[in-house]
Amino acid sequence: MDRRAFLWFALAAGCSRAPSEDREHVPWSSSQVVTSAALARELGEAPPPKVVHVGPPQLFRSERVPGAVHTGEGGDAEGLAALERWLTPLERDARVVLYCGCCPYRNCPNIRPAFHKAVALGFTRVRVLDLPTRFKEDWTAHGLPVERG
């Protein structure tokens, strides 16, 4: 598929930008990926992990992981700066889970930069939510809890 066709596909799927050129490379290990079911269970723990949505704001407003915060899109400078401001006061060993949900996380233009930012800030327990398709299909359709609005 040529780049223009892929951009159209990405936009139609909910991404606000084309994925990065290195979309095949994932900077996280398998231990830094959490499944939807596992995260849903962890939300009931005390304290729950800090869940950060780093995708398009319209996705966050429509439905999200309960308790998640939105810091802006991880693929742009403003979003990364907001993520840094939000993360800075946290302990570096805080459990942080990043997710976007606009498209498969392996192709996402937002998750990699956000992950790199959290690691660069010294967070040792940062993970990404495994959304192989999109949030709606990989979380909501499985009957996992959501917040709306």
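# Reading the buried parts of a predicted model

Author: Threonine 71 lies in the loop that runs between strand S3 (69-70) and helix H4 (77-87). Keep in mind that this is a predicted model.

Reader: Why is threonine 71 called buried?

Author: Buried means under 20% relative accessible area. Threonine 71 has 9% relative accessibility, so it counts as buried.

Reader: Which residues does threonine 71 touch, beyond those up to four places away in sequence?

Author: Threonine 71 touches Val52, His53, Val54, Gly79, Ala82, Leu83 and Trp86.

Reader: Histidine 53 is in that list. How do you know whether histidine 53 is buried or exposed?

Author: By the cut-offs, buried is under 20% and exposed is over 50%. The relative accessible area of histidine 53 is 1%, so histidine 53 is buried. Its place is in strand S2 (residues 50-53).

Reader: What is histidine 53 in contact with, leaving aside neighbours within four places in sequence?

Author: Histidine 53 is in contact with Leu59, Phe60, Val69, His70, Thr71, Gly72, Tyr99 and Cys100. Histidine 53 and leucine 98 are 45 residues apart in sequence, yet 6.0 Å apart in space, C-alpha to C-alpha.

Reader: Now helix H4. Which of its residues are buried?

Author: In H4, the buried residues are Gly79, Leu80, Ala82, Leu83 and Leu87.

Reader: What makes you say that the buried residues of H4 line one face?

Author: Look down the axis of H4. The buried residues fall within an arc of 160 degrees, so they line one face of the helix. The face turned away from that buried side carries the exposed residues Ala77, Glu78 and Arg85.

Reader: What do the buried residues of H4 pack against?

Author: They pack against S2, S4 and H5.

Reader: Then H5. Why are its buried residues placed on the same side?

Author: The buried residues of H5 (residues 111-120) are Ile111, Arg112, Ala114, Phe115 and Ala118. They cover an arc of only 165 degrees around the axis, so they are on the same side of H5. They pack against H4, strand S4 (96-99) and strand S5 (126-129). After H5 comes glycine 122, with a positive phi near 100 degrees.

Reader: How many aromatic pairs does the structure hold?

Author: Four aromatic pairs. One of them joins tryptophan 28 and tyrosine 105.

Reader: What makes the pair of tryptophan 28 and tyrosine 105 stacked?

Author: Ring centres must lie within 6.5 Å for a pair, and planes under 30 degrees apart count as stacked. Here the centres are 5.8 Å apart, with 25 degrees between the planes. Tryptophan 28 sits in the loop between helix H1 (3-12) and strand S1 (33-34), and tyrosine 105 in the loop between S4 and H5. The two are 77 residues apart. Tryptophan 28 is buried, and so is tyrosine 105.

Reader: Why is the pair of tryptophan 28 and phenylalanine 115 called edge-to-face?

Author: The cut-off for edge-to-face is over 60 degrees. The rings of tryptophan 28 and phenylalanine 115 have centres 5.4 Å apart and planes at 75 degrees, so the pair is edge-to-face. Phenylalanine 115 is in helix H5 and tryptophan 28 in the loop between H1 and S1, so the pair ties together parts 87 residues apart in sequence. Phenylalanine 115 is buried, as is tryptophan 28.

Reader: Which residues do ring pairs link into a cluster?

Author: Trp28, Tyr105 and Phe115.

Reader: What makes you say that the charged end of arginine 64 sits over the ring of phenylalanine 60?

Author: The distance limit is within 6 Å of the ring centre, and a second limit applies to the angle from the ring normal. The charged end of arginine 64 is 4.5 Å from the centre of the phenylalanine 60 ring, and it is assigned as sitting over that ring.

Reader: Which residues touch the most other members of the largest nonpolar core?

Author: Leu87, Val96 and Leu98, in a core of 23 residues. H4, S4, H5 and S5 each give two or more residues to this core. H5 gives the most, with four residues. A second, separate core of 16 residues includes Ala40, Phe60, Val65 and Leu144.

Reader: And the whole chain: what share of its residues is buried?

Author: Buried residues make up 44% of the 149 residues. The chain has six helices and five strands.

Conventions. Residues are numbered from 1 along each chain as its sequence is written. This is a predicted model: local features need pLDDT of at least 70, side-chain atom pairs count only at pLDDT 80 or more; totals for chains, interfaces and linings use all residues. Side-chain values use heavy atoms; hydrogens and water are left out. Buried means under 20% relative accessible area, exposed over 50%, partly exposed in between (1.4 Å probe, protein chains only). Contact means heavy atoms within 4.5 Å. The arc is that of the directions from the helix axis to the C-beta atoms. Rings of Phe, Tyr and Trp (its six-membered ring) pair if their centres lie within 6.5 Å; planes under 30 degrees apart count as stacked, over 60 as edge-to-face and the rest as tilted. A charge sits over a ring if NZ of Lys or CZ of Arg is within 6 Å of the ring centre and within 35 degrees of the ring normal. A nonpolar core is a set of buried Ala, Val, Leu, Ile, Met, Phe, Trp, Tyr and Cys residues joined through side-chain atoms within 4.5 Å.
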